[in-house]
Amino acid sequence: MSTPHPSPVSEADAMSTAAHAAEAPVEPSAAVTRRARRGMALLISLIVVVMLALLSTGAVMSSMQDFRAGRNALVEQRAFAVAEFGLNSEISNWDRGRNLPPPRGMAIGAIDSSNVFVAQGDTAKVYIQRLTENTFWVRSLGRASIGNAQLEAQRQTHMVVRIAYPSINPGGAIVTAGNISVKGSAEITGNNTDPTGWTQCPSIAGRDTFAITYAPGKDVDIQKPNLVTGGTNPDPTAADSNTYVRYGTETWNSLVANADIKLSGGTYGPEPVGTATTCSAGTENWGEPLRGGTGHIKGCEDYFPIIYVDGNAGLSKGRGQGILLVNGDVRLNGNFQWYGLIIARDDIVKGNGTFDMWGSAMSRNASVNDDNSITGNSFFRWSKCAVESALRGSAILTRTKERSWSQLY
């Protein structure tokens, strides 16, 4: 059996095949491809680094802005707190001397200011302006981080306040709902008399009134009529119990609640305590009515306290000014001076010694024994200035009824 032999290839076919092979494309190797892509990796890495840097910078800036916003909000809140502290501090420690008529008190439209130091770098400055006789505008400017231009903040709050002013217009040097006897050398005058040296009196309009106003039907026994100037006046309001317990917007109970000094029944001899610029609080410091002389305490001249005695009050010596509320009898023995208003639930009894009063004394005579007895060396002088000064000087502050407080900025 014979073996087949391949077909012979002609020289021409071989040359044609070689030519086609030469024309066919040659595929690049893997190494060549890796070398060609090395530049793209670097570029992508740089782009990623830049993007991460931008994101990091944005995050840092955002964090810094949040930190600054929180820090500034904290400083602003601190400034607000300082302003509120200054406002409340000024009102809580109100200088009652401002309540008085000028020149001792503030004139309408006048502005008073004071600094309230809270802490290092934080200060409140308070401005007080008198709007009317009874109302004041109090503004407090709080500043925090003072001296740091980037952090310093200011906030201002204000409040409109009024003085809780009792409206009492006594109808005489003595007003009583009971019987009254005046004997010996006791003097009672309804002529308006200004206390010596009281500078605010010219701005308080006053008029003369009766020496004694009493309830109709009650007995008035005067031993020496020539010592009673202004006469007597039977008045139904003297018999009305509301005359002795209601005073305009204030009442007996509200005055008792606001009393600066509260005492049980007993005998007292008050004297002012203080210096030329200060007045020391105490149960037997009832203010300084004098204006000069031996033992004069200038720092207590504008102190007009409300004194409440729960029981009979014996006054044996000393001096005082303001409003004296006695839940019982007022018994005057010894040498005593009083400037202002006395309101007694029961009787007024004057015994031995000397009693000098500028203002008005009112006795409700609520007990069965409704006899007032004025004897000895007694001087009851009606004084509009003393009464008004006592009412205003003892008045406390209260907010107005609507929109009394607000934050200005």
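Begin by selecting Met 362, which is buried because its relative accessible area is 2%, where buried means under 20%, exposed over 50% and partly exposed in between, found with a 1.4 Å probe on protein chains only. What you have open is a predicted model, in which local features need pLDDT of at least 70 and side-chain atom pairs count only at pLDDT 80 or more, while totals for chains, interfaces and linings use all residues. Residues are numbered from 1 along each chain as its sequence is written, and side-chain values use heavy atoms, with hydrogens and water left out.

Stay with Met 362 and colour strand E18, residues 354-363, in which it is found; strands (E, at least two residues) and helices (H or I, at least four) are DSSP runs numbered from the N terminus.

Next, select Cys 201 and Cys 385, whose sulfur atoms lie 2.0 Å apart in a disulfide, a term for a pair of cysteine sulfur atoms within 2.5 Å. This pair links distant parts of the chain, since Cys 201 sits in the loop between strand E7 (187-189) and strand E8 (210-214) and Cys 385 in helix H6 (residues 384-393), 184 residues apart. The torsion about the S-S bond of Cys 201 and Cys 385 is about -80°, so this disulfide is left-handed, and both Cys 201 and Cys 385 are buried.

Then move to Cys 279 and Cys 300, which are joined by a disulfide with an S to S distance of 2.1 Å. Both cysteines lie in the loop between strand E14 (261-268) and strand E15 (306-326), so the pair ties together parts that are 21 residues apart in sequence. Is each of them buried or exposed? Cys 279 counts as partly exposed because its relative accessibility is 29%, whereas Cys 300 is buried, with a relative accessible area of 0%.

Finish at the largest pocket by selecting Asn 93, Trp 94, Asp 95, Arg 96 and Asp 260, which lie nearest its centre among the 13 residues that line it. On a 1 Å grid over the protein atoms alone, a pocket is an open set of points with protein on both sides within 12 Å along at least five of seven lines, and lining residues have an atom within 4 Å of a point.

Conventions:
1 Å grid on protein atoms, 1.4 Å probe; cavity = no way out; pocket = protein on both sides within 12 Å on 5 of 7 lines; lining within 4 Å.
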